[in-house]
Amino acid sequence: MPSILEVQNLVKQYGDFTAVKGISFDIKEGEIFSLLGPNGAGKTTTISMLSTLYTPTSGDATIGGYSITKDPMAVKQVIGVVPQDLALYEDLTAKENLLFWGQMYGLSGKSLNSRVDEVLEQIGLVDKAKNRVKTYSGGMKRRVNIGVGLLHKPRLLFMDEPTVGIDPQSRRAILDTVKDLNKQGMTVLYTTHYMEEAEELSDRVGIIDAGRIVAQGTR
């Protein structure tokens, strides 16, 4: 199976501090790959470089055949990002949030409305779609956050610790959503510091600590 993502010796430095120290790994099309490691290991910095938010100090990665350093705009068409911090407007409803972000992706008209309805179904919030996000539980907000990353039908979805700080029921719903998306053909890069999540979800796992991948393999 071909690789949709290939990371080659990726490094990120901030002055004298090196957050990511020459990591390399690949993700095959159609799999769930987890980066498992403690807080401060370099998971979010890695996601930020791969999503072209941060420029690597050295090294490179290709996503769908496009370089994150040479073709960042093309990379953005291939990926969806579910950040650790919520990127939602709490005074808007879930549907209004999705409509807004869909327009940011360039969707409009009937295709936008149809896609928003599909995403609401995927994240299990059809019955709450017209409620303001500020009335939602933490887990429901996380599900809307996931929905934003799905709007433009990315080939590869980055999920940065999507279950942090939520209740067990919401966590279960999110894990089931990830598995359902993967069954539908979505490739996922999932970061977590929960070993049981990586074990349940992943086809392969990379263990990251202090900016280095110290082990890779099957679950």
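A crossing of two helices is left-handed if the near helix is turned anticlockwise from the far one by less than a right angle, and right-handed if clockwise. Keep that in mind as we look at this predicted model, in which local features need pLDDT of at least 70, side-chain atom pairs count only at pLDDT 80 or more, and totals for chains, interfaces and linings use all residues. Residues are numbered from 1 along each chain as its sequence is written, and side-chain values use heavy atoms, with hydrogens and water left out.

**A pair of helices**

Helices (H or I, at least four residues) and strands (E, at least two) are DSSP runs, numbered from the N terminus. Helix H3 (residues 94–104) passes helix H4 (residues 109–122) in a right-handed crossing. Their axes, which are lines fitted to C-alpha atoms over the stretch in contact, come within 10 Å and cross at roughly 130 degrees. Angles run from 0 to 180 degrees between N-to-C directions. H3 and H4 are therefore oblique to each other; under 35 degrees would count as roughly parallel, over 145 as roughly antiparallel, and 65 to 115 as roughly perpendicular, with the rest called oblique.

Where do they touch? With contact meaning heavy atoms within 4.5 Å, Ala-94, Lys-95, Leu-98, Leu-99, Gly-102 and Gln-103 in H3 meet Leu-112, Asn-113, Val-116, Asp-117, Val-119 and Leu-120 in H4.

**A sheet and its strand E8**

Now to the strands. Two of them pair if DSSP finds at least two bridges between them. Six strands form an open sheet with mixed pairing, in the order E6-E7-E8-E3-E9-E10. Strand E6 (79–82) and strand E10 (212–218) stand at the edges with a single partner strand each, so one side of each has no neighbour in the sheet.

Strand E8 (residues 187–192) has six of its six residues buried (under 20% relative accessible area, with a 1.4 Å probe and protein chains only), so E8 is largely enclosed by the rest of the structure. Thr-187, Leu-189 and Thr-191 point one way from E8, while Val-188, Tyr-190 and Thr-192 point the other way.

E8 runs parallel to strand E3 (residues 32–36), joined by five bridges, and also pairs in the parallel sense with strand E7 (residues 156–160) over five bridges. Some bridge partners are listed here:

| Residue | Bridge partner in E8 |
|---|---|
| Phe-33 | Leu-189 |
| Phe-158 | Leu-189 |
| Leu-156 | Thr-187 |

Finally, helix H6 (residues 168–183) lies across E3, E7 and E8, running at about 155 degrees to E8.

Definitions and conventions
Buried means under 20% relative accessible area, exposed over 50%, partly exposed in between (1.4 Å probe, protein chains only).
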